[in-house]
Amino acid sequence: MKLNVDVLRYLSKDDFRVLTAVEMGMRNHEIVPTELIDRIASLKHGGTYKVLKNLLKHKLLHHDSSKYDGFRLTYLGYDFLAIKTMVNRGVFAAVGRQIGVGKESDIFEVATEDGTVLAMKLHRLGRISFRAVKSKRDYLRHRSSYNWLYLSRLAGLKEFAFMKALEEHGFPVPKAVDCNRHCVVMSLVQGYPLVQVKQLQNPETVFETILGLVVRLAEHGLIHCDFNEFNIMIDDDEKVTMIDFPQMVSVSHRNAQMYFDRDVECIFKFFGKRFNLSFKEDTDENDGLEVDSDENGRPTFSSISKSAGFLDRELAASGFSRKDQDDIEKFIEGGIEKDRNSDSEGTEDEENESESNETINRTLDTLHLLEKEEHSSNSVEDGKVDENQQSCETSQNIGSESEEASDKEEESRTLDTGDDAELVKRLNKQRRRAIASARGGRRSLASRNSYKDKGGKSSHNSKLKKQLSNW
């Protein structure tokens with residue numbers, strides 16, 4: 001949508017009051033109901049519906065009555081709210097021509113009261129050319145619901161924070177002036193995008209400068225993630241300025257190496273095609289870079305020392321959390337030394353644990369067998385079972401005792417020989433036989449209950465009892 005600021009001079013305080021009411025209602029509503037807008041705006045003399053009609057005519061609001069009667073802000077209405085706030089603050093007094101268009105932003109010239117020209121960047125996420133914001137950016141973090149205006153606001157705040165921090169640390173970036181909603185005001189760079197430059201007097205020097213910026217950013221804990229010829233400005237004196245920072249991530253990001261290698265590859269590819277630079281011959285002459293490089297002269301991510309600064313921690317960049325960083329520092333300081341000291345003791349502890357486990361298993365097996373034998377003897381002494389069952393149990397107990405005696409003899413032999421594998425097999429067999437002897441061929445509770453109500457003896461006896469009780 002084209003920004004036409006001519007309408008801005010004809011809007012009254014009531015118009016901006018209603019626009020602000022719609023913005024406040026969009027925190028909890030995708031489409032703000034008309035009654036809620038009237039309640040939030042609370043105009044003195046009423047007339048909220050008349051104001052909504054005027055704003056709808058200038059395309060500052062969008063009307064939707066599919067589910068209920070309501071309105072939502074458009075990007076033009078959001079632009080007017082941000083511009084009005086900037087004008088009230090005295091940041092600028094006039095809006096000029098459009099000087100840049102990107103996949104997620106528009107850039108305009110603005111002028112202050114004393115005639116200084118600045119650049120105003122309006123983030124416009126949600127365009128057809130770039131809608132995969134949730135998968136390619138981390139503006140939402142843990143949030144699940146969002147709208148495009150809110151994402152644009154987060155992108156503007158993030159870019160302003162990165163620009164301000166990089167400027168304080170001496171990086172060649174535009175000067176950050178102010179930020180409100182999705183609008184970022186910065187100094188105007190007197191130069192051209194590198195993609196528009198056809199010739200350079202010293203392409204090797206410019207190449208080393210740009211490559212040095214990538215390495216410096218990584219040393220300060222940040223990766224640009226979109227460092228290419230479209231986001232590098234160069235003036236007539238071949239001074240380099242980098243722009244566009246919302247997508248920057250930390251060096252501790254899980255894909256940090258991939259992003260770093262991609263930025264380096266973009267620079268090598270552009271200078272190789274546009275200015276015909278041969279990098280294999282200049283690998284030994286790169287005195288400006290103090291990092292290791294591969295066979296093609298590209299700096300490697302693993303060789304960069306991340307000790308120049310901690311901008312990712314200060315700005316809470318993507319992929320970095322302060323809690324994780326504290327844990328990592330504690331682990332680096334004391335964890336590694338403890339691991340080295342405990343390596344020699346680990347083998348002895350494992351051997352002691354294995355021996356203690358074997359003794360515990362043996363004692364448990366013997367106790368288990370004694371409990372089973374007592375249980376079987378108590379069941380024989382009850383005398384409430386049939387003679388057939390008693391004969392079966394006694395025969396099985398005799399067989400189990402003979403088997404246990406033979407197993408114990410075999411165990412003593414295996415213990416003398418020290419064969420651990422055979423010992424485990426013997427113990428497993430002994431356990432199975434003890435369980436079988438304890439059961440003694442009895443039926444389980446489920447099998448006994450299965451006779452009920454199925455035409456068996458129990459159901460027949462219950463019928464006879466009922467007939468006798470009737471007599």
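User: What should I know before I start reading the model?

Analyst: Residues are numbered from 1 along each chain as its sequence is written, and side-chain values use heavy atoms, with hydrogens and water left out. This is a predicted model, where local features need pLDDT of at least 70 and side-chain atom pairs count only at pLDDT 80 or more, while totals for chains, interfaces and linings use all residues.

User: What makes α1 a helix, and what span should its residues have?

Analyst: Helices (H or I, at least four residues) and strands (E, at least two) are DSSP runs, numbered from the N terminus. The expected span of a helix is 1.5 Å times one less than its number of residues. For the 13 residues of α1 that gives 18 Å, and the end C-alpha atoms are 18 Å apart, so the two agree.

User: Which residues of α1 are buried?

Analyst: They are Asp15, Phe16, Val18, Leu19, Ala21, Val22, Glu23 and Gly25. Buried means under 20% relative accessible area, exposed over 50%, and partly exposed in between (1.4 Å probe, protein chains only). The buried residues of α1 pack against β1 (32-33), α2 (34-41), α3 (48-57), β2, β3 and α4.

User: Why are β2 and β3 called paired strands?

Analyst: Two strands pair if DSSP finds at least two bridges between them. Strand β2 (residues 61-64) and strand β3 (residues 70-73) have four bridges in the antiparallel sense, so they meet that definition. His63 stands opposite Phe71 in β3, and the two strands form a hairpin with five residues between them. β1 and β3 also pair in the antiparallel sense, over two bridges, with Pro33 opposite Gly70 in β3.

User: What order do the strands take in this sheet?

Analyst: The order is β1-β3-β2, in an open sheet of three strands with antiparallel pairing. β1 and β2 are the edge strands, since each pairs on one side only.

User: Why is the contact between Glu23 and Arg181 called a salt bridge?

Analyst: A salt bridge is a side-chain nitrogen of Lys or Arg within 4 Å of a carboxyl oxygen of Asp or Glu. Glu23 and Arg181 meet at 2.9 Å, N to O, so the pair qualifies. Glu23 is in helix α1 (residues 13-25) and Arg181 is in the loop between β7 and β8, 158 residues apart. Arg181 counts as buried, because its relative accessibility is 17%.

User: How many salt bridges are there, and which residues form a network?

Analyst: The structure holds 10 salt bridges, and Asp79, Asp106 and Arg124 are linked in a network of them. The closest N and O atoms of Asp79 and Arg124 are 2.5 Å apart. Asp79 lies in helix α4 (residues 75-89) and Arg124 in the loop between β6 (117-123) and α5 (133-136), so the pair ties together parts 45 residues apart in sequence. Asp79 counts as buried because its relative accessibility is 0%, and Arg124 is buried with a relative accessible area of 3%.

User: What makes a nonpolar core, and which residues have the most contacts in the largest one?

Analyst: A nonpolar core is a set of buried Ala, Val, Leu, Ile, Met, Phe, Trp, Tyr and Cys residues joined through side-chain atoms within 4.5 Å. The largest has 49 residues, and Leu166, Ile210, Ile223 and Phe271 have the most contacts inside it. α7 gives the most to this core, with nine residues. Apart from it lies another core, of 43 residues, among them Leu43, Ala82, Val110 and Cys183.

Technical notes
Contact = heavy atoms within 4.5 Å.
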